Amino acid sequence: MAALAKRPSNFLFESLLNRSTRIAIHVVLIAIGVIYVFPFIWTLGSALKTSNEFFALGLTPFPAGPWQWGNFLKAWEGAKFSRYFLNTVFVSVATTFFVVIITSMAAFGLARLKIPGKNIVLGGIALTFFLPRGYTILPVFQIVKGLGLLNTLWAIILTGTAGNLLINTLLFYGYMQAIPNEIEEACIMDGATVFQRYFRVVLPLSGPVMATVSLFTFMNSWNDFFTPLVFTLGRPDLQTLAVGIYSFVGDTSRDWTALCAAATISIVPIVVVYLFLQRYFVEGFAGAVRG
């Protein structure tokens, strides 16, 4: 009876403890979220300030006076951002397309076919993660120059594709390993070829990880600064947004409000793509890790 009398009080204490823990976790997560989101809010607010307000208000996120929407027009037209935007869209979409096709095919061969030395190939892919990017740019530059692609958008696309193959191949590999073999065995009994099994069975079932790889690749390509800078030094008209933003940074002066407006313009497409693919993102990543 004494044990029964103590049970409600213990249950109430545990409930309060669990509730306090949840509240504390939410408070911590909200604080971390504010820390991450504040720079983006400040950038958007600074894009709407005058030059005087930018320095006078400091970290105050929004302007005190009228919002200066003309800063976005200045960023779009004054720095030829329309051209940079089109270059970035073409490079990012083309790079994403090639990465998805190549990595999914490579992962299909490693995960679904009996290939001698498969573990050696996977080990080699893992080892390349330890190669610093700065050490490979010189040979890559010589290869691109030898192919006659220097100062072209294709140099950025091919280099960006190569740079995104490793991790995305492993993501596809992990996800495709989790697909039941019975589905593919039924196709083999029906006489399906390897390419038919890839295009009609395995690839459609890999939709979530395909969306994840597309999002990762698009973001990396859109935000890449180093590669477009190196391969378009002789053709400023081929620069992407990440490089073109620096047109607001001069030797003696800097247009900070226009720079913030340009940064905001460059962020919007990434947010739109993420919102479009977010429901597939967690499922695809979790499936790849689980596999």
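Predicted model: local features only at pLDDT ≥ 70, side-chain atom pairs only at ≥ 80, totals over all residues.
Biologist: Which pattern does the chain follow, read along the sequence?
Modeller: The pattern is α-α-α-α-α-α-α-α-α-α-α-α-α-α. The chain has 14 helices and zero strands. Helices (H or I, at least four residues) and strands (E, at least two) are DSSP runs, numbered from the N terminus.
Biologist: What is the mean pLDDT of the chain?
Modeller: The mean is 81, and 84% of the residues reach 70 or more. pLDDT is the predictor's confidence in each residue, from 0 to 100.
Biologist: How many residues count as buried?
Modeller: Of the 291 residues, 35% do. Buried means under 20% relative accessible area, exposed means over 50%, and partly exposed is in between (1.4 Å probe, protein chains only).
Biologist: Let's take H11. How far does H11 reach?
Modeller: H11 covers residues 207-223, 17 residues in total. From first C-alpha to last it reaches 24 Å, close to the 24 Å expected at 1.5 Å a residue. The expected span is 1.5 Å times one less than the number of residues.
Biologist: Which residues of H11 are buried?
Modeller: Among them are Pro208, Val209, Leu215, Phe218 and Trp222. Trp222 has 2% relative accessibility, so it counts as buried.
Biologist: New topic: rings. How many aromatic pairs are there?
Modeller: The whole structure has 15. Phe54 and Phe55 form an edge-to-face pair, because their centres are 5.3 Å apart and their planes sit at 85°. Rings of Phe, Tyr and Trp (its six-membered ring) pair if their centres lie within 6.5 Å; planes under 30 degrees apart count as stacked, over 60 as edge-to-face and the rest as tilted.
Biologist: Are Phe54 and Phe55 buried or exposed?
Modeller: Phe54 is buried, at 10%. Phe55 is exposed, at 60%.
Biologist: And what about Trp222 and Phe85?
Modeller: Their ring centres are 5.7 Å apart and their planes are at 80°, so that pair is edge-to-face too. Phe85 lies in helix H4 (residues 81-112) and Trp222 in helix H11, so the pair ties together parts 137 residues apart in sequence. Phe85 is partly exposed, at 23%.
Biologist: Which residues do ring pairs link into a cluster?
Modeller: Trp42, Phe54, Phe55 and Trp256.
Biologist: On to charges. Which residue forms a salt bridge with Asp237?
Modeller: Arg235 does, with the closest N and O atoms 2.9 Å apart. The structure holds one salt bridge. The term means a side-chain nitrogen of Lys or Arg within 4 Å of a carboxyl oxygen of Asp or Glu. Asp237 is partly exposed at 31%, and Arg235 is partly exposed at 34%.
Biologist: Last one: where is Asn151, and what is its phi?
Modeller: Asn151 is in the loop between helix H6 (133-146) and helix H7 (153-163). Its phi is near 60°, a positive value in a residue other than glycine. Most residues other than glycine have a negative phi.

Notes
Residues numbered from 1 in each chain as written. Heavy atoms only, no water.
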